[in-house]
Amino acid sequence: MCVHAVQVCDRLRGALTTFAGTAGFRALLSRALVLAKAESTVLASVQVREDGTLAGLDTIVEGKDGSLPPGGGEGAPLLVSHLLDLLIALIGRSLTMRLVGDAWPDAPAGTWNSVNEGTDKP
Amino acid sequence: MSAFDKVVIRKLPTGVPGLDEVLGGGLPEFSFNIIAGSPGCGKTTLAHQFMFANATPEKPAIYFTVLGEPAIKMLRYQQQYSFFDQSRLNSAIRFVNLSELVLEKDLDAVLARMIQEVEAVGPGIVIVDSFRTVARKSRADGGEVELQSFIQRLALHLTSWQATTFLIGEYTEGELRDNPVFTVADGLLWLHQAVDRNSIVRKLQVVKLRGQGSVPGLHTFRISSDGLQVFPRTFGLDRKYSEPKGTHLLSIGIPELDAMLGGGIPSGHSLLVAGPSGAGKSILGRQFIAEGLRRGEPGVVAMFEELPDEYVAAAKRMGMDFETPRKDGSLEILYLRPLDLSGDETVHEVVAAVNRTKAKRLVIDSLVGFEMALAPDYRTDFRESLYRMISALTRLGVTIVSTVEVEESFVSMGLSNFTISFLTDCIIRMRYVSIDGQLRRMMMVVKVRGGRHSIDLREFEITPSGFVIGERLRGYRALTSGIPEPLDQGLASIARALSERRGGP
């Protein structure tokens, strides 16, 4: 589950870097990480690299044996959630979902509709 | 080469109201263009309007962002405009960030990436925002020739790929010379923005446009929640049908005044009513409109000093019903009093109302208010704007009555403080005269172009039902000074005899 959340982050990096540039994506992810760290200590060692990828994931992804460190399951989803919230706050829910949709071009039609029904954060 | 051999260049709509007219019908397809100007003057917004007006999933737009406004911020703000259609993002409009590439690599790498994107997507529109940063980077590396080569190859490639291109840049007018990008460009749109006292004055100029005639000069524009709107100096009337002037006479609704004018105002003429405050200029305008409505001629009133509801209420008190024609669309009352208006913008409002109502009569009340509604910088162009408006509207057969307040002097009689009497075909002058311990009203027809008119100085009163024009004022000299003196009875009888010998009344 947590590996998936990290993969989501990576997919988003691909889509958002085209549009916002590596520096733009890195800035957004760094901010999201700071917000997520304030809520979960398991992210303490996680960092954003220059190219926008994540480093220090040992505490939030499953080991080879499939086990997670205590509390590790919440880290990556929290980070993705803050990244999306940040995008929504900046460019609105509708545009965010369009950009996110670009990361999953093969997603079935209507995948994003339910997500799109929420309201933008002020 | 016959006309049939010529390539037909399609003109693309810009999506900017008024700009197509300035460009001579639209922007040439596959052209390589520059939008230049200072920060905050609307370059990016203009490019977005063009993009949203033309991009389709079949011929999408690629918007390259380069070290200018960050893409996230650009989207955050641009989506506020009414033309921004989110559903077009990614399907018809793609944003590509080249910032890192420009910083880290040379122009060849930037060009290669752009070509890669263009060849992958096959766009109809390509925008580079801001191109200035690309050029700066090249100059910093000492690559003037490299920059020229880059621009040349970019233009060649994008035109070959049938893309209409915009390079956006913050340039100053001094950079127009010796800049390779301006040489290569097919079109150059320059956006000017200046602060004048408390007002922002924005103007657009088509400095260059290959292959078609554009309207020269500076055109004012405004940025609102709908984006840019340009107000062409031609007011959209240049190519319209012209009616011959003076084919018939229009009644003002005051028979004695019609007679003084030689039967009425010749159609398509402009009448200036000049006089001091409270003389009755606005009432004359109301009667002119009311008479037109009575005869089935739609009208427009452009107000600068009074609110429309007040105007309608004042008309009602004199027995004129302006409510019904306002509702049925045969009368439009415009209140034009926001600050920072340009003359051309105001005129566009008036021309649009004339077109909507198919007006035959227009009242501008007053020219003093018109001038005061303009931003200070635009006031210098006031007479020019007025001249172009009156020329354009009267060519369409609209008959115009304008009022102007004249500062009253008791030693002379001016026609207007604006030196605008040359704009008008007919002039009526009202003034106060001091007679027998009373301040009475007097009017005269000073000019009717190409027609005979009365030369009488007539007393008039304003009654609850409108103008009542009295007899010619006799027995006084120096009436036009406002402080006449009674003529000696002997001299008066001689004057009367001379007048009768000349065939006068």
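Me: What joins E3(B) to E7(B), and how do you know that they pair?

Reply: They are joined by 5 bridges and run parallel. Two strands pair if DSSP finds at least two bridges between them, so E3(B) and E7(B) qualify. One facing couple is B:Ala36 with B:Gly169 in E7(B). The model is predicted: local features need pLDDT of at least 70 and side-chain atom pairs count only at pLDDT 80 or more, while totals for chains, interfaces and linings use all residues. Residues are numbered from 1 along each chain as its sequence is written, and chains are lettered from A and ligands numbered from 1 in the order in which they are written.

Me: What makes a stretch a strand or a helix?

Reply: Both are DSSP runs, numbered from the N terminus: helices are H or I with at least four residues, strands are E with at least two. Chain B has 17 helices and 24 strands.

Me: Which strand partners E7(B) in the parallel sense over 5 bridges?

Reply: Strand E6 (residues 125-129) of chain B pairs with E7(B) (residues 164-169) in this way. B:Ile127 has B:Phe166 as its bridge partner, and B:Val128 has B:Leu167.

Me: How many residues of E7(B) are buried, and what makes a residue buried?

Reply: A residue is buried if 20 or more other C-beta atoms, placed from the backbone, lie within 10 Å of its own; 12 or fewer makes it exposed, and in between it is partly exposed. In E7(B), 6 of its 6 residues are buried. On one side these are B:Thr164, B:Phe166 and B:Ile168, and on the other B:Thr165, B:Leu167 and B:Gly169. Across chain B, buried residues make up 45% of the 505 residues.

Me: Why is B:Asp381 not called buried?

Reply: B:Asp381 has 17 C-beta neighbours inside 10 Å, so it counts as partly exposed. B:Asp381 lies in the loop between helix H15 (376-379) and helix H16 (382-395) of chain B.

Me: Which strands are the edges of the open sheet in chain B?

Reply: The sheet has 9 strands in the order E5-E4-E6-E7-E3-E8-E9-E10-E11, with mixed pairing. Strand E5 (93-97) and strand E11 (227-231) are the edge strands, since each pairs on one side only. From one strand to the next, the twist averages 25 degrees.

Me: Where does the antiparallel part of the pairing show?

Reply: Strand E8 (residues 187-196) and strand E9 (residues 199-209) of chain B pair in the antiparallel sense over 10 bridges. There, B:Asp196 stands opposite B:Ser199. E9(B) also pairs in the antiparallel sense with strand E10 (residues 218-224), over 3 bridges, with B:Lys203 facing B:Thr220.

Me: Why is H5(B) called roughly parallel to H7(B)?

Reply: The axes of helix H5 (residues 107-121) and helix H7 (residues 144-160) of chain B come within 10 Å and cross at roughly 10 degrees. Axes are lines fitted to C-alpha atoms, for helices over the stretch in contact, and angles run from 0 to 180 degrees between N-to-C directions. Under 35 degrees counts as roughly parallel, over 145 as roughly antiparallel, 65 to 115 as roughly perpendicular and the rest as oblique. H5(B) is therefore roughly parallel to H7(B).

Me: Which residues make the contact of H5(B) with H7(B)?

Reply: Contact means that C-beta atoms, placed from the backbone, lie within 7 Å. Among the residues that meet are B:Leu111 and B:Met114 in H5(B), and B:Phe150 and B:Leu154 in H7(B). The contact divides into 9 nonpolar, 1 polar and 2 charged residues. Ala, Val, Leu, Ile, Met, Phe, Trp, Tyr, Cys and Pro count as nonpolar, Asp, Glu, Lys and Arg as charged, and the others, Gly among them, as polar.

Me: How do you know that the buried residues of H11(B) line one face?

Reply: The buried residues of helix H11 (residues 308-317) of chain B are B:Tyr311, B:Val312 and B:Ala315. They fall within an arc of 95 degrees, so they line one face of H11(B). The arc is that of the directions from the helix axis to the C-beta atoms. On the other side, B:Asp309, B:Glu310, B:Lys316 and B:Arg317 are exposed.

Me: Which helix of chain A gives the most to the side that touches chain B?

Reply: In all, 14 residues of chain A are in contact with 14 residues of chain B. H1(A) gives the most to that side of chain A, with 7 residues.

Definitions and conventions:
Two residues are in contact if their C-beta atoms, placed from the backbone, lie within 7 Å.
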